[in-house]
Amino acid sequence: DAAGSGQPELLLYTPEDTLATDWSKDGAYLIFTSTNPVTGLDVMALPMAGDDREPIPLVHTQFRESGGTLSPDGKFLAYRSNESGRNEVYVQEFPEARSKWQVSANGGTDPSWKGDGRELYYRAPDLSLIAVPVQMGKTFEAGTPQVLFKAPFAINSIASSLYSAASDGQRFLVLATLAHDTVPPATVVLNWQTALK
């Protein structure tokens with residue numbers, strides 16, 4: 001419970017490493033990345049209805065897929081895959097994929113949707129945050145990627161995402177690395193006990 005009351009509830013037990021990356025707006029699915037000993041990283045969904053919760057493979061190939069996130073209407077899944085030889089952002093239908101579209105142009109990770117579903121954001125390899133206008137209906141269409149800004153993303157962090165967009169896409173909260181000149185220097189005093197005499 002977000003208010004801190006109640007008891008924790010075990011949603012899934014698996015010997016594989018897992019990382020939750022999204023929850024559908026209706027609460028029906030938990031999206032997570034799972035480490036498979038054969039296929040590597042895969043994007044999975046855990047249905048929340050019923051007592052027998054069996055994970056559903058969404059993107060399960062020999063490539064490394066992760067960072068799955070659902071569009072606000074719950075009809076499309078964005079994720080990262082290295083199937084092209086480098087990390088790129090892709091979109092496919094949810095829960096059953098019939099088609100797949102590459103959204104990023106020159107590498108990308110950490111996909112995230114604008115609150116109205118009309119834009120998809122991702123991080124580029126040069127630490128730029130990119131916005132791509134999208135149209136969703138019976139099919140998916142991505143426009144031209146546009147650089148929003150560059151930020152000192154904390155790329156060595158273990159966080160599942162290094163930024164979060166406000167629902168209107170006008171503000172971003174970024175997990176960043178501080179510049180060296182903004183950190184005050186540390187002073188170490190040796191033999192401080194003699195100075196007290």
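Trainee: Which backbone oxygen does the side chain of R53 reach, and at what distance?

Mentor: In this predicted model, the side chain of R53 comes to 3.4 Å from the backbone oxygen of M48. R53 also uses its side chain for a polar contact with the side chain of E9, at 3.5 Å.

Trainee: Where is R53 placed along the chain, and which residues does R53 touch?

Mentor: R53 sits in the loop between strand 3 (40–47) and strand 4 (56–59). Leaving aside residues up to four places away in sequence, R53 touches E9, L10, L11, L46, P47 and M48.

Trainee: How far apart are R53 and I130 in sequence and in space?

Mentor: They are separated by 77 residues in sequence and by 36 Å in space, taken from C-alpha to C-alpha.

Trainee: I would like to turn to aromatic pairs; what describes a pair of aromatic rings?

Mentor: One gives the distance of the centres and the angle of the planes. In this structure the count comes to nine aromatic pairs. One of them is formed by Y79 and Y90, which are stacked, with 6.0 Å from centre to centre and 25° between the planes. This pair links distant parts of the chain, since Y79 belongs to strand 6 (residues 76–81) and Y90 to strand 7, eleven residues apart. Both Y79 and Y90 are buried.

Trainee: Why is the pair of W113 and F140 edge-to-face?

Mentor: The ring centres of W113 and F140 are 6.5 Å apart and their planes stand at 90°, and planes over 60 degrees apart count as edge-to-face, so the pair receives that description. W113 is in strand 9 and F140 is in strand 12 (residues 140–142), so the pair ties together parts that are 27 residues apart in sequence.

Trainee: Why do W113 and F140 count as buried?

Mentor: Buried means under 20% relative accessible area. W113 has 9% relative accessibility and therefore counts as buried, and F140 is buried because its relative accessible area is 4%. Ring pairs also join W113 and F140 with F76 and W101 into a cluster.

Trainee: Which residue forms a salt bridge with D126, and which parts of the chain does the pair tie together?

Mentor: D126 forms a salt bridge with K150, and their closest N and O atoms are 3.8 Å apart. D126 is in the loop between strand 10 and strand 11 and K150 is in strand 13 (residues 146–150), so the pair ties together parts that are 24 residues apart in sequence. D126 is partly exposed, with a relative accessible area of 43%, whereas K150 is exposed, with a relative accessible area of 58%.

Trainee: Turning to the backbone, what is the phi of D110 and of L127?

Mentor: D110 is not a glycine, yet has a positive phi of about 55°. D110 lies in strand 9 (residues 109–113) and is buried, with a relative accessible area of 14%. L127, also a residue other than glycine, has a positive phi near 70°. L127 is found in the loop between strand 10 (119–123) and strand 11 (128–136), and is partly exposed, with a relative accessible area of 26%.

Trainee: Which residues does a cis peptide bond join?

Mentor: The cis peptide bond joins F94 and P95, with an omega of about 5°. P95 is placed in the loop between strand 7 (88–93) and strand 8 (100–102).

Trainee: Finally, which residues form a nonpolar patch on the surface?

Mentor: V189, W192 and L196 form that patch, and together they have about 370 Å² of accessible area. V189 lies in the loop between strand 15 (172–174) and helix 1 (192–195), and is exposed, with a relative accessible area of 54%.

Notes
Residues are numbered from 1 along each chain as its sequence is written. This is a predicted model: local features need pLDDT of at least 70, side-chain atom pairs count only at pLDDT 80 or more; totals for chains, interfaces and linings use all residues. Side-chain values use heavy atoms; hydrogens and water are left out. Patches are made of residues with over 30% relative accessible area and no salt bridge: like charges are joined within 9 Å, nonpolar side chains (Val, Leu, Ile, Met, Phe, Trp, Tyr) within 5 Å. Accessible areas come from the Shrake-Rupley method with a 1.4 Å probe; for residues, only the protein chains shown count as cover. A salt bridge is a side-chain nitrogen of Lys or Arg within 4 Å of a carboxyl oxygen of Asp or Glu. Helices (H or I, at least four residues) and strands (E, at least two) are DSSP runs, numbered from the N terminus. Buried means under 20% relative accessible area, exposed over 50%, partly exposed in between (1.4 Å probe, protein chains only). Contact means heavy atoms within 4.5 Å. A polar contact is a pair of N or O atoms within 3.5 Å; within protein, one must be able to donate a hydrogen and the other to accept it, and residues adjacent in sequence count only if both atoms are side-chain atoms. Rings of Phe, Tyr and Trp (its six-membered ring) pair if their centres lie within 6.5 Å; planes under 30 degrees apart count as stacked, over 60 as edge-to-face and the rest as tilted.
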